[in-house]
Amino acid sequence: MARLVMKFGGTSVADIDRIRNVACHVKREVEAGHDVAVVVSAMAGKTNELVAWCGAAAPLHDAREYDAVVASGEQVTSGLLAMTLETIGVNARSWQGWQLPIYTSNAHGSARILDINGDELIKRFAERGQVAVISGFQGVHKETGRITTLGRGGSDTSAVAIAAAIRADRCDIYTDVDGIYTTDPRVVPRAHRLDKIAFEEMLEMASLGAKVMQVRSIELGMVHNVRIFVRSSFDRPEDIDPHGTPPGTLICDEAEIMEQQVVSGIAFSKDEAQISIRRVQDKPGVAAAIFGPLAEANINVDMIVQNVSADGATTDLTFTVPAVDYARATDVLTKSREAIGYERIDGATDIAKISVIGIGMRSHAGVAAKAFRALADRQINIRAITTSEIKFSLLIDAAYTELAVRTLHSLYGLDK
Ligand code: ASP
Ligand code: MG
């Protein structure tokens with residue numbers, strides 16, 4: 001017997017038929033003897049619709065009212081799933097964020113979970129064998145008592161936080177993919193599903209655009225050591241053996257991974273732009289003068305590379321921004337030219353960032369060097385390189401993305 005959190009995203013609860021299917025998944029686990037808390041998203045497309053309504057009603061709306069509106073999508077699905085479970089003989093009760101309660105900060109629209117009281121749920125598991133069906137994405141601010149939401153994709157974070165609060169053995173994320181792959185299978189057909197991936201690796205994969213889960217949910221899983229299992233919600237409930245190991249990927253502590261590969265996966269993003277500031281003054285405060293205004297303009301800067309000055313007076317500084325922010329970023333820099341002091345700005349859009357990720361890199365030398373050779377053999381030019389303990393990232397021309405990802409995927413033995 002185990003204690004499980006089962007999280008279902010929007011496509012899994014998109015209509016009443018699918019909610020019935022979810023109920024069968026839940027019933028299967030209950031019948032296997034497990035204590036179950038279910039976390040649900042809003043029906044597919046519902047949150048977008050609610051967000052659009054807010055925009056239409058009042059373009060500059062109060063974030064507290066935005067939360068009051070968008071949190072409603074999950075309220076609907078938790079109630080529907082609880083009543084569906086009852087019809088198939090499973091004792092269940094719905095819970096809104098304010099009822100548990102799930103306390104959050106008061107950053108409406110992107111609140112952080114501060115504390116969850118899991119005692120009542122645990123009591124009901126023991127006394128009544130009752131399944132808890134909890135609305136994801138929402139919580140409540142303790143002092144004001146107002147409903148909050150956790151930011152788009154936040155029901156993943158709800159699920160992991162609830163798993164920590166009730167000390168669950170596992171948090172199952174049912175989604176429209178059957179796990180985490182070594183890279184995007186649409187680009188590399190020989191990509192394979194990982195059985196296990198360490199939290200740290202998954203954080204890199206997630207923040208680099210492997211959009212399976214909200215990044216914050218992985219951070220939370222890492223802090224509280226919640227084992228997260230990503231699996232498909234399209235598997236038919238009746239085909240699953242509750243005592244077997246279903247297909248999926250376990251995101252867990254690295255200590256649980258016996259056979260660690262040097263490289264676990266390759267992430268990439270195509271929509272990057274590169275900005276190089278030439279002959280910028282090499283003196284204290286210059287980086288602050290550059291990145292301060294960009295941050296104020298809400299432009300996300302990544303991969304900063306600064307050269308060591310040759311003449312002791314000026315240097316070159318290169319970084320990336322999302323391609324959509326390229327024009328805005330160069331505009332901000334042009335406006336602060338005097339404060340920064342530089343000769344010119346060079347830039348390029350159509351840039352891709354490729355990242356090779358693996359905790360095995362900590363103990364292996366020369367992992368990146370192999371990539372440089374392989375890309376050179378394919379005549380792919382590397383524009384910039386950054387490295388950290390468990391990954392290295394390369395900037396290349398976007399036209400070579402597929403070729404580069406495929407090359408590296410086989411180079412590191414990831415082809416199935
Ligand atoms: N329904 C919310 C959204 O669409 C939360 C979630 O699905 O995770 O962002
Ligand atoms: Mg999601």
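**Notebook: cores, sheet and overall form**

I began with the largest nonpolar core: of its 38 residues, Val5, Ile134, Ile166, Cys171, Met202, Ile228 and Ile251 touch the most other members. By nonpolar core I mean a set of buried Ala, Val, Leu, Ile, Met, Phe, Trp, Tyr and Cys residues joined through side-chain atoms within 4.5 Å. Buried stands for under 20% relative accessible area, exposed for over 50%, and partly exposed for what lies in between, with a 1.4 Å probe and protein chains only.

I noted that the model is predicted, that local features need pLDDT of at least 70 and side-chain atom pairs pLDDT 80 or more, and that totals for chains, interfaces and linings use all residues. Residues are numbered from 1 along each chain as its sequence is written, chains are lettered from A and ligands numbered from 1 in the order written, and side-chain values use heavy atoms, without hydrogens or water.

I then looked up which elements give two or more residues to this core: strand 2, helix 5 (119–128), strand 6, helix 6, strand 9, helix 7 (199–207) and strand 11. Helix 6 gives the largest share, six residues. Helices (H or I, at least four residues) and strands (E, at least two) are DSSP runs numbered from the N terminus.

I checked Cys171 next. Apart from neighbours within four places in sequence, Cys171 is in contact (heavy atoms within 4.5 Å) with Val5, Ala159, Val160, Ala163, Val226, Arg227, Ile228 and Phe229. I also found a second, separate core of 24 residues, which includes Val187, Ala352, Ala371 and Ala404.

Eight strands form an open, mixed sheet in the order 3-6-2-1-9-11-12-10; two strands pair if DSSP finds at least two bridges between them. Strand 3 (92–95) and strand 10 (196–198) are the edges, each pairing on one side only. Strand 1 (residues 3–8) pairs with strand 2 (residues 35–40) in the parallel sense over six bridges. In this pair, Val5 stands opposite Ala37.

I followed helix 6 (residues 155–165) across strand 1, strand 2, strand 6, strand 9 and strand 11; helix 6 runs at about 175 degrees to strand 1. Such angles run from 0 to 180 degrees between N-to-C directions, with axes fitted to C-alpha atoms, for helices over the stretch in contact.

Last, I looked at the whole protein. I listed 13 helices and 18 strands. Of the 416 residues, 50% count as buried. The C-alpha trace spans about 75 × 50 × 30 Å along its principal axes.
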